Amino acid sequence: MKRPQAVLLLPLLSLLFTGCDFNNVPSFLPETGRTDRPQDMRDFVEGISDYAHGLDPAFLVIPHGGVELVTTNGKTTGDTDTRYVSAINGLAQDSVFYGFNGLDQATPDNESERLRTYLDIARNEGRAVIMVTDYASSTANIDDSYQKNFDAGYISFAADNFGRDNIPRYPDVPYRFNRRDIRKFSDANNFLILVDTALYSTPQELVDAISASNYDLVVLDYDFNGEPYTSDQIRQMRVKGDGGDRLLIAAIDIGHADSDRYYWQSQWVSNPPEWLGDPLASTSTDYRVNYWLRGWQDIIYGDNNSFIYRLINAGYDGVYLEGVDVVDDF
């Protein structure tokens with residue numbers, strides 16, 4: 001009987017790795033049956049885009065993170081993945097100029113340049129609007145962040161903490177404030193992201209705070225502690241404090257499941273579906289998912305009970321896709 005090739009190689013491998021700790025196998029060793037998880041995420045986002053734009057061609061699809069997906073090999077020198085950059089309307093990234101190593105810390109030049117390379121590919125070749133959230137609390141760094149993002153051709157938000165849970169007191173008015181009605185993505189000069197509702201006691205309190213602000217675009221969580229916003233509240237938040245129209249974008253996580261969301265079924269704890277993984281150690285409600293499996297993707301888009309359908313039906317102008325960067329875990 002012919003011996004398996006892997007068996008024949010064992011003596012050679014043992015010589016090559018003499019003294020190695022085989023409980024910590026080098027990551028460059030190939031995995032059996034490895035698949036292309038970055039492409040799986042591209043396919044996922046493209047499917048979301050196709051479905052959403054089929055329902056509403058003006059609906060905005062904005063991945064947050066995972067900027068390496070814009071090239072076919074994930075490298076700055078790689079070819080542009082034209083299908084992916086054509087499918088998205090915007091691309092969001094944190095800490096391009098401030099926050100990579102901590103609040104109020106300037107992002108190292110090499111990392112800033114790396115991120116900008118991917119963002120510029122999406123902007124120049126896919127015509128995506130680039131949204132940058134920097135993390136800075138000193139007035140000097142906030143001003144510098146806004147100026148650097150403007151010079152780079154991005155719209156930006158300077159969050160004064162990593163929680164993204166408040167409307168900053170500085171600046172007094174949004175950067176590049178304008179009184180225009182914001183009807184399309186390219187009209188926006190600025191944005192606010194407020195996805196943690198912990199500082200607000202009721203949904204209406206948060207709605208009133210957003211309504212009083214003059215940001216051109218607002219990103220907020222899909223619901224308030226599991227309670228969806230009413231149609232009246234959504235209409236209220238789509239109007240700026242000065243009376244102009246703005247864009248309202250809902251944030252959802254496509255890289256993790258959340259036991260507090262509408263789709264969660266209690267029996268999944270003891271009898272999980274194939275796509276559901278282990279809970280994250282850092283939270284009590286979030287679970288890993290095999291995002292490439294159809295069961296999970298069906299929850300996000302595809303029918304009248306899916307996340308994307310609900311967002312469009314509720315009156316949101318787009319979706320901010322968090323969790324795209326879980327591709328790095330695979």
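Here are some questions and answers about the predicted model shown above.

User: Before we start, how are residues numbered, and which pLDDT do local features need?

Analyst: Residues are numbered from 1 along each chain as its sequence is written, and side-chain values use heavy atoms, with hydrogens and water left out. As this is a predicted model, totals for chains, interfaces and linings use all residues, side-chain atom pairs count only at pLDDT 80 or more, and local features need pLDDT of at least 70.

User: Thanks! How many helices and strands does the chain have?

Analyst: Helices (H or I, at least four residues) and strands (E, at least two) are DSSP runs, numbered from the N terminus. By that rule, the chain comes to nine helices and 13 strands.

User: What share of the chain is buried?

Analyst: Buried means under 20% relative accessible area, exposed over 50%, and partly exposed in between (1.4 Å probe, protein chains only). The chain has 330 residues, and the buried share of them is 49%.

User: Which residues touch the most other members of the largest nonpolar core?

Analyst: A nonpolar core is a set of buried Ala, Val, Leu, Ile, Met, Phe, Trp, Tyr and Cys residues joined through side-chain atoms within 4.5 Å. The largest one holds 94 residues. Those touching the most other members are Met131, Ile252, Ile254, Trp296, Ile300 and Ile308.

User: Is Asn189 buried or exposed, and which residues is it in contact with?

Analyst: Asn189 sits in the loop between strand E4 (155-159) and strand E5 (192-194). Because its relative accessibility is 12%, Asn189 counts as buried. Contact means heavy atoms within 4.5 Å. Leaving aside neighbours within four places in sequence, Asn189 is in contact with Ile155, Tyr175, Arg176, Asn178, Arg180 and Asp216.

User: How many aromatic pairs are there?

Analyst: Rings of Phe, Tyr and Trp (its six-membered ring) pair if their centres lie within 6.5 Å; planes under 30 degrees apart count as stacked, over 60 as edge-to-face and the rest as tilted. Counting this way gives 19 aromatic pairs.

User: How many residues apart are Phe44 and Tyr301?

Analyst: These two form a tilted pair, 6.4 Å centre to centre with 35 degrees between the planes. Phe44 belongs to helix H2 (residues 37-55), while Tyr301 is in the loop between helix H8 (294-300) and helix H9 (307-314). Phe44 is buried, with a relative accessible area of 0%, and Tyr301 is buried at 10%. The pair links distant parts of the chain, 257 residues apart.

User: Why is the pair of Trp275 and Trp296 called tilted?

Analyst: Trp275 is buried at 6% relative accessible area, and Trp296 is buried at 0%. Their ring centres are 5.1 Å apart and their planes stand at 40 degrees, so the pair is tilted.

User: Which ring does the charged end of Arg37 sit over?

Analyst: A charge sits over a ring if NZ of Lys or CZ of Arg is within 6 Å of the ring centre and within 35 degrees of the ring normal. The charged end of Arg37 is 3.5 Å from the centre of its ring, which belongs to Trp292.

User: How far apart are the end C-alpha atoms of helix H4?

Analyst: The expected span of a helix is 1.5 Å times one less than its number of residues. Helix H4 (residues 109-126) has 18 residues, so it should span 26 Å. In agreement with that, its end C-alpha atoms are apart by 25 Å.

User: What do the buried residues of H4 pack against?

Analyst: The buried residues of H4 include Leu115, Tyr118 and Ile121. The buried residues of this helix pack against helix H3 (82-87), strand E2 (90-94) and strand E3 (129-135).
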